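Some labels given to residues and contacts deserve a check against the values behind them.

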Amino acid sequence: MLDRVKLPTSKNKQVLRYSLIRYRFLLSWLSLAGLLSAQAQVLAETVLDTVTVIGITPLHGSIQNVQRIPSSVQTADSEALERGQALNLADHLRNNFASVTINDVVSNPYQPDVQYRGFTASPLLGLPQGLSVYVEGIRFNEPFGDTVNWDLLADGAIASINLFSGSNPVFGQNTLGGALSLKIKDGFNYPGSQFESSVGNEGRWNIEFQHGDSSDDFGYYLIGNLYEEDGWRRNSPTEVRQGLANLSWEGEESRLGLIVAVNDNTLTGNGAVPINLMSIEGRETIYTFPDETETQLSLLGVNGDIWINPGLQVAGNVYYRSNQIDTFNGDDSDYEACSLTTGPNAGDETLCEDGDPSEAVEFLDFEGLSLERINPSLDPDEIDGTNNTSFTDQDSFGLAGQLTYLDEMNSHEYQLTFGASFDYADIHFKSRSEFAELRNDTSADDRGTEGINLFDADSEVDLDAETRNIGLFFTSTIALNETIDLTLSGRYNHTKVEMSDQLEEGPGSLDGNHTFRRFNPAIGQTMGLGNGITAYMGYAESSRAPSPAELSCADEEDPCKLPNGFVSDPPLEQVVSKTFEFGVRADQPQLQWNAGFFHTINHDDIIFQQAGRTVSEGFFSNAGKTRRIGVELGAARQFGAVNLTANYTWLEATFRDPFVSFSPNNPLGGNRPVESGDHIPGIPEHVMKLGLEWLVNDALDLGAELSYQGSQYYRGDEANENEKIDGFTLVNLRARYRINKSVELYAKVDNLFDTEYETFAVYGESEEVLGDVYPDFDDERFVGPGKPRTGMLGVRVRF
């Protein structure tokens with residue numbers, strides 16, 4: 001029979017995952033279980049020597065044998081992260097986790113769109129966020145836009161990664177396509193000191209130090225990380241400074257931890273570029289700059305658990321999180337020179353939207369005055385850029401608790417966890433657009449911007465928002481017999497979003513009071529087939545309430561510029577995701593394999609409709625149903641000193657309800673009719689990953705990664721009428737050499753064959769910026785170029 005796992009004492013370390021499935025299928029599944037039960041018990045003769053257990057809720061107290069979880073689960077530990085030599089967490093997910101892809105929208109290694117099964121966790125507003133992220137039970141999605149800032153956690157501090165598939169309701173908001181749960185190292189399990197330093201091309205260097213120790217019941221772990229690079233594209237430097245401390249106390253039946261984390265990062269990601277411009281100026285060229293983001297995080301979290309008796313555990317956490325995000329984007333302008341024809345300023349030269357005198361600019365603090373009257377020395381024809389800036393201050397507080405009960409019911413194991421969570425956020429958002437001169441007169445100009453200290457009054461936003469999320473959840477697993485487990489789960493979500501416009505009151509303001517509530521169920525079943533093989537089946541529902549960013553930018557009559565320019569809006573509906581999946585997996589000596597099918601429908605899915613000249617101008621709207629179905633195949637095989645892995649995903653992501661895509665920069669014109677079955681842009685249909693690890697001897701090991709990502713449609717081509725960007729294949733190599741027990745050298749080459757490829761594509765307008773430099777230049781096709789061949793050498797010292 002499969003090993004049954006009692007919850008261990010708090011001295012033992014764990015991680016996190018859960019199950020899915022739906023009540024209306026319960027009777028049919030139990031009938032199927034009855035038919036197959038006798039056969040399964042005959043087959044279940046092999047007892048696994050080792051059992052992998054992971055946490056099945058955001059709080060890691062409640063754990064489960066991974067074979068009893070009725071959905072797909074992928075895990076990795078700190079040793080796997082170290083062997084993989086990935087630059088950061090997102091890079092490791094791309095290289096090693098099935099069904100994970102990355103869109104390099106801004107070509108910064110710490111600002112990728114991470115996609116799993118067609119659902120996104122991104123630091124950028126304007127994307128439907130469909131993955132939840134937790135760090136030691138603390139929700140890491142930002143309160144303002146549900147975004148995920150991948151630069152805020154030092155990957156060296158990660159003890160384990162669990163990626164759960166599907167719409168698992170236990171993980172709460174945003175778990176439409178999956179949940180990512182991370183556990184942090186502590187002094188009990190990671191004793192000693194380690195210094196690491198690496199250098200690479202494009203000015204890259206990194207220094208990291210970590211130290212852990214314990215004495216009796218007290219332990220501590222510290223890490224500091226510094227990273228800098230010039231960037232492989234022009235004017236694209238990045239600085240990352242991360243620090244974290246984990247103080248912990250452990251008794252025989254209880255545990256208490258204190259986590260403190262700080263970050264101060266400056267990231268430059270200069271965004272998409274016209275395809276034809278790369279053919280003229282090289283792949284390292286940029287369109288306009290700067291596009292800079294500064295993030296500052298302060299985090300304080302306390303977590304713990306205690307065993308009341310051998311069958312009853314209480315776990316909980318409380319946290320405070322403060323995050324400031326400043327952005328500065330130098331962009332093209334929607335405003336052109338014009339002469340006023342009416343009013344007291346008739347005949348004056350000024351700026352007008354698209355050159356229309358009836359849409360003259362109102363200058364902040366100079367309302368009613370034309371540009372000529374404010375500063376006669378300024379030539380409106382030269383003011384062809386904007387500096388779009390924003391400031392987001394997010395202070396959040398939360399607490400969660402859960403009770404786990406273990407017992408037997410009719411001689412069968414029974415585990416029940418129920419709990420509650422509360423998350424509160426106080427958000428202050430400000431943005432404005434400064435008029436600027438764009439340096440684009442000749443091909444030698446860098447296309448940067450210089451502000452003129454005049455601001456668009458209509459672009460100014462000053463918004464206070466508060467969000468409150470209350471969740472009540474449970475998950476229960478019962479062994480129906482020696483081979484079959486049934487899991488029932490559910491969560492009630494109550495979300496309240498209050499917005500207060502600091503500039504206007506009444507109609508037309510951003511004031512709003514929105515409430516969303518829903519109960520999401522899940523049901524699932526696993527069956528041990530013997531010889532380490534398990535079949536699973538599950539159904540689950542989850543939901544996502546619109547974020548304050550989306551609620552403030554949902555008017556098609558008055559589109560906003562992300563992250564600037566929010567306007568009063570019609571209400572949005574919350575997104576409800578319903579996932580059904582089934583599969584078979586095997587965990588055998590020297591061989592692991594899996595095969596699975598998933599089917600997810602999003603109801604009232606929220607998309608960003610592009611509705612302006614620039615790619616970031618538009619509005620959020622509910623687009624009806626979308627569907628993501630797919631097949632996942634994977635295998636890992638040990639051949640002596642060689643380990644081989646292979647993963648393949650077929651994914652079809654489509655719109656299921658017709659709508660009109662505004663897409664004003666589409667080559668075929670705007671207002672394109674989208675039909676049911678049209679593919680969602682930005683999501684490849686085929687993804688394949690192959691991996692090899694070879695332990696040459698006790699001192700040397702080598703590794704290789706091959707990945708293929710299929711073609712995808714441009715954002716703005718929701719109707720699938722135009723060409724796609726091509727798929728691509730990448731090969732990475734790595735090596736590690738241990739000089740002695742304390743010192744090792746490592747090296748890695750990414751994109752070994754220097755393949756030219758793109759991971760992202762969108763339609764935009766380029767003629768205004770490039771038309772004077774390159775006559776007749778008009779390319780609507782903007783892409784995010786992938787990085788060229790890069791190399792890195794490093795040393796790691798343990799003492």
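A residue counts as buried when its relative accessible area is under 20%, as exposed when over 50%, and as partly exposed in between. The model is predicted, and the values discussed here are computed from it.

Q: What makes the rings of Tyr287 and Phe782 an edge-to-face pair?
A: The ring centres of Tyr287 and Phe782 lie 5.1 Å apart and the planes stand at 90°; rings pair if their centres are within 6.5 Å, and planes over 60 degrees apart count as edge-to-face, so this pair is edge-to-face. Tyr287 belongs to the loop between α4 and β17 and Phe782 to strand β42 (residues 781-785), so the pair ties together parts that are 495 residues apart in sequence. Phe782, at 5% relative accessibility, counts as buried.

Q: What makes β29 and β30 a pair of strands, and how do they run?
A: Two strands pair if at least two bridges are found between them, and 13 bridges join β29 to β30, which run antiparallel; one of the bridges has Arg585 with Asn594 in β30 as its partner. The two strands form a hairpin with two residues between them. Strand β27 (residues 533-544) also runs antiparallel to β29, joined to it by 12 bridges, with Ser577 in β29 as the bridge partner of Ser542.

Q: What makes the phi of Gln590 worth noting?
A: Most residues other than glycine have a negative phi. Gln590, in the loop between β29 and β30, has a phi near 70°, a positive value in a residue other than glycine. At 47% relative accessibility, Gln590 counts as partly exposed. Asp146 also has a positive phi, of about 60°, although it is not a glycine, but Asp146 is buried, with a relative accessible area of 8%.

Q: Why is the contact between Arg796 and Glu196 called a salt bridge?
A: The N to O distance between the two side chains is 3.2 Å, and because the criterion is a Lys or Arg side-chain nitrogen within 4 Å of a carboxyl oxygen of Asp or Glu, the contact between Arg796 and Glu196 qualifies as a salt bridge. Arg796 lies in strand β43 (residues 790-798) and Glu196 in strand β11 (residues 192-200), so the pair ties together parts that are 600 residues apart in sequence. Arg796 counts as buried at 3% relative accessibility, and Glu196 is buried at 12%.

Q: How do you know that Arg736 and Glu744 form a salt bridge?
A: The closest N and O atoms of Arg736 and Glu744 are 3.8 Å apart, and since the limit is 4 Å, the pair counts as a salt bridge. Arg736 counts as buried at 7% relative accessibility, as does Glu744 at 2%.

Q: What makes helix α3 mostly covered?
A: Six of the eight residues of α3 (residues 89-96) are buried, among them Leu89, Asp91 and His92.

Q: What makes the peptide bond from Phe289 to Pro290 stand out?
A: Most peptide bonds are trans. The bond from Phe289 to Pro290 is cis, with omega near 0°, and Pro290 lies in the loop between α4 and β17.

Terms used. Residues numbered from 1 in each chain as written. Predicted model: local features only at pLDDT ≥ 70, side-chain atom pairs only at ≥ 80, totals over all residues. Heavy atoms only, no water. Helix = DSSP H or I, 4+ residues; strand = E, 2+ residues; numbered from the N terminus. Buried < 20%, exposed > 50% of the residue type's maximum accessible area, 1.4 Å probe, protein only. Phe/Tyr/Trp six-rings, centres within 6.5 Å; stacked < 30°, edge-to-face > 60°.
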